[in-house]
Amino acid sequence: MNAVVHETAAPRLSDLLRLPPYQAYSYSYPHKTAYRPLQPPRSLRELWAGEPRDALFLYLHVPFCSYRCGFCNLFALARPEPAKVERYLQQMELQLRATAQALGEHRFVRFAIGGGTPSYLDAAQLRRLFDMVERHADIDLHAMPAGIEVSPETVDADKMRLCRERGIDRVSMGIQSFSEAEVRALVRPQQRATVEQAIAAIRAAGIATLNLDLIYGIAGQTVASFLASIDSALEHRPEELYLYPLYVRPLTGLGRIEAKAGARLPLQAEPIDERLALYQAGRDRLLAAGYQQVSMRMFRAPHAPDVAAPVYCCQSDGMVGIGCGARSYTSSLHYSSEYGVARRSVAEILEHYLERDEASFALADYGIALGEEERRRRHAIQSLLIRPGLDRADYRRRFGADCLEQLPQLRELFEHGLAVEGETLIELTDAGLARADTIGPWLASPGIVQRMRDYRLD
């Protein structure tokens, strides 16, 4: 849809700090709800012609899952017909070939397969995916960070051995909780024995980095039960742990359940939000175990490979996304397929992807152009929310002035003890990291906020 943008005044941080700290997850700026059809479509060859193409990130999106978790608002479809999966892989190859040709001379230095659940594919389909990457892209998976996302029920020894043989050195697995009661509350059919078997298969394959995801804020969860899940995870010595706050978003399974409950109880009291207490307890437990906090969500073990390596920052490296739902980032334009959450919407968008011809994949037809202000804000958000923080000299090299001159609202962070100002860095304090999901949305421009509000989600 094309929305008319009405500028609104940016809220003061002091007002937002009176609200619960969990406002929105700023993993990418701008969010896809700010994207619109591009008229006319843009040639990928022209879009990438002026971009550095010697250190790109190749991301493949597999939008299929065994089931749709109650909290999931990702672009994913549960239990697709086998023929649709085969057709999807054919389309991915067409898109990859068209994109690689449009890029011209290029080199990828980072690789990931996400979803959805990439390990939903069988071993032959995964092999096919790796083969197409090697055929069409300038890439050596054995010479770079290369990761894949999995879910416990889709992991087996053959798939993990194949992934390792083809260069995968990081596996990220969403467990969410080791408590079966909490997993059921997330509308997720998962048993602890399945989780243990999956971890064993990953370790047996010799993959260097295991990341485990846990969620806090689940109905019925307590500090004690959350810490028990963390301790269970620590028994496997994961190189990385991510602690995610639960968000109940519209059109997700939990969102529908909550909406029905709210309709039955219109006068219910405001629920108590325990997520901050859970986060603080979990953070302290991981720090005590020797883990380094990299962001509000990410914790890295002292035994992790390249423990001092920086986290990937998409404000520095071009992202090339392949697959329905994947995003691509140039410095001035972000583009993707359309965005949907409900099964019907996802199925319609996917069907459109399956009908495209190779020539159409050489064009970007849905996305958002980023002007100078949005590029500055994006850089500040993406840098500030991870440690070590926002490098002032780097910002000046990119944008020609100090970040505090161009984004004076950053000074409010110092006033509230959420960041410290140094000559070289602006770094969030522990209190600032805890408020990352307030700070990120607060730094969004009024124009982007309005575009997101105007978007009709279905």
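Cis bonds, burial and ring pairs

Reply: P40 lies in strand β1, and a cis peptide bond with omega of about -5° joins Q39 to P40. Strands (E, at least two residues) and helices (H or I, at least four) are DSSP runs, numbered from the N terminus. The model is a predicted one, in which local features need pLDDT of at least 70 and side-chain atom pairs count only at pLDDT 80 or more, while totals for chains, interfaces and linings use all residues. Residues are numbered from 1 along each chain as its sequence is written, and side-chain values use heavy atoms, with hydrogens and water left out.

Me: What is the mean pLDDT of the chain?

Reply: The mean pLDDT is 91, and 90% of the residues reach 70 or more, where pLDDT is the predictor's confidence in each residue on a scale from 0 to 100.

Me: And where does it stay under 50?

Reply: It stays under 50 over residues 1–8, for which the model has 20 contacts beyond four places in sequence, a contact being heavy atoms within 4.5 Å. Where pLDDT is low, the predicted coordinates should not be read in detail.

Me: Back to cis bonds: which residue does one join to P388?

Reply: That residue is R387, and omega is about 20° for the bond; P388 itself is in the loop between α12 and β16 (390–391).

Me: Next topic, then. Where is P63, and is P63 buried or exposed?

Reply: P63 sits in the loop between β2 (56–62) and β3 (64–65), and P63 is buried because its relative accessible area is 1%. Buried means under 20% relative accessible area, exposed over 50%, and partly exposed in between, using a 1.4 Å probe and protein chains only.

Me: What is P63 in contact with?

Reply: Leaving aside neighbours within four places in sequence, P63 is in contact with F75, A76, L77, Y88, G116, C324 and L350.

Me: How many aromatic pairs does the structure hold?

Reply: The structure holds 11 aromatic pairs. Rings of Phe, Tyr and Trp (its six-membered ring) pair if their centres lie within 6.5 Å, and planes under 30 degrees apart count as stacked, over 60 as edge-to-face and the rest as tilted. Y22 and Y216 form an edge-to-face pair, with 6.1 Å centre to centre and 70° between the planes. Y22 lies in the loop between α1 (13–16) and β1, whereas Y216 lies in strand β8 (residues 209–216), so this pair ties together parts that are 194 residues apart in sequence.

Me: Are Y22 and Y216 buried or exposed?

Reply: Y22 counts as buried because its relative accessibility is 6%, and Y216 counts as buried at 0%. F64 and Y88 form another edge-to-face pair, at 5.2 Å centre to centre with 75° between the planes; this pair links F64 in strand β3 with Y88 in helix α3 (residues 82–103), 24 residues apart.

Me: Which residues do ring pairs link into a cluster?

Reply: The cluster consists of Y22, Y216, F226 and Y279.

Me: Now the helices. Which residues of α5 are buried?

Reply: In helix α5 (residues 157–165), the buried residues are K159, M160, L162 and C163. They are on the same side of α5 because they cover an arc of only 160° around the axis, the arc being that of the directions from the helix axis to the C-beta atoms. These buried residues pack against α4 (123–136), β6 (146–150), β7 (170–176) and α7 (192–204).

Me: What caps the N-terminal end of α5?

Reply: D156 does, with a side-chain oxygen 3.1 Å from the backbone nitrogen of D158. Just after α5, G167 takes a positive phi of about 115°.

Me: Which residue with a positive phi is not a glycine?

Reply: R79 is one of them, with a phi of about 50°. R79 lies in the loop between β4 (77–78) and α3, and R79 is exposed because its relative accessible area is 56%.

Me: Last one: where is S232?

Reply: S232 is in helix α8 (residues 223–234), and S232 is buried, with a relative accessible area of 8%. Not counting residues up to four places away in sequence, S232 touches F178 and R192.

How values were computed
Polar contact = N/O pair within 3.5 Å; in protein donor to acceptor, adjacent residues only side chain to side chain.
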